[in-house]
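Biologist: Could we go through the strands of this model together? I would like to see the pairing first.

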Amino acid sequence: MEIIDIQPRSILSSMGNKTVEVKIIFSNGVESMAAVPAGISAGQYERKNISVDEAVIKIESIKTNLLNTDFDQASLDKKLTDMDLPSNVSLPISAAFWKV
């Protein structure tokens, strides 16, 4: 599916903590949203988070690398992994994509 826009924003999670929500708009007009709240702790092999405000800015800065490309879930996740992004940047994008 071809992504034509990615719109990140800061929201409050169900626990009242700031988190990143992403809306993806596809070329066929379908829209999908997902938020991935940060966990309380991270294991040594998990990607680290950056602040929510930094994550929103980071998504805005990298989204041109993802627009107007025909992805399936595996190819999008590989692209996000290859970009070596913090988890609160890559996971909401990936989750919004797989919800479609």
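**Strand pairing**

Modeller: Ile3 has Phe26 in E2 as its bridge partner. This is a predicted model, in which local features need pLDDT of at least 70, side-chain atom pairs count only at pLDDT 80 or more, and totals for chains, interfaces and linings use all residues. Residues are numbered from 1 along each chain as its sequence is written, and side-chain values use heavy atoms, with hydrogens and water left out.

Biologist: What is the bridge partner of Ile6 in E2?

Modeller: Ile24 is the partner of Ile6. E1 and E2 (residues 18–26) pair in the antiparallel sense over nine bridges. Strands are DSSP runs (E, at least two residues), numbered from the N terminus, and two of them pair if DSSP finds at least two bridges between them.

Biologist: How many bridges join E2 to E3?

Modeller: Five bridges join them, and the two strands run antiparallel. Glu21 stands opposite Ala35 in E3.

Biologist: And what is the order in the sheet?

Modeller: The open sheet has the order E1-E2-E3, with antiparallel pairing. E1 (3–12) and E3 (31–35) each have a single partner strand, so one side of each lacks a neighbour in the sheet.

Biologist: Turning to the hairpins, which residue in the E1–E2 turn has a positive phi?

Modeller: Gly16 does, at about 85 degrees, with five residues between the strands. In the E2–E3 hairpin, four residues lie between the strands, and Gly29 has a positive phi of about 90 degrees.

Biologist: Why is E2 largely enclosed?

Modeller: Seven of its nine residues are buried, so the rest of the structure largely encloses E2. Buried means under 20% relative accessible area (1.4 Å probe, protein chains only).

Note on methods:
Buried < 20%, exposed > 50% of the residue type's maximum accessible area, 1.4 Å probe, protein only.
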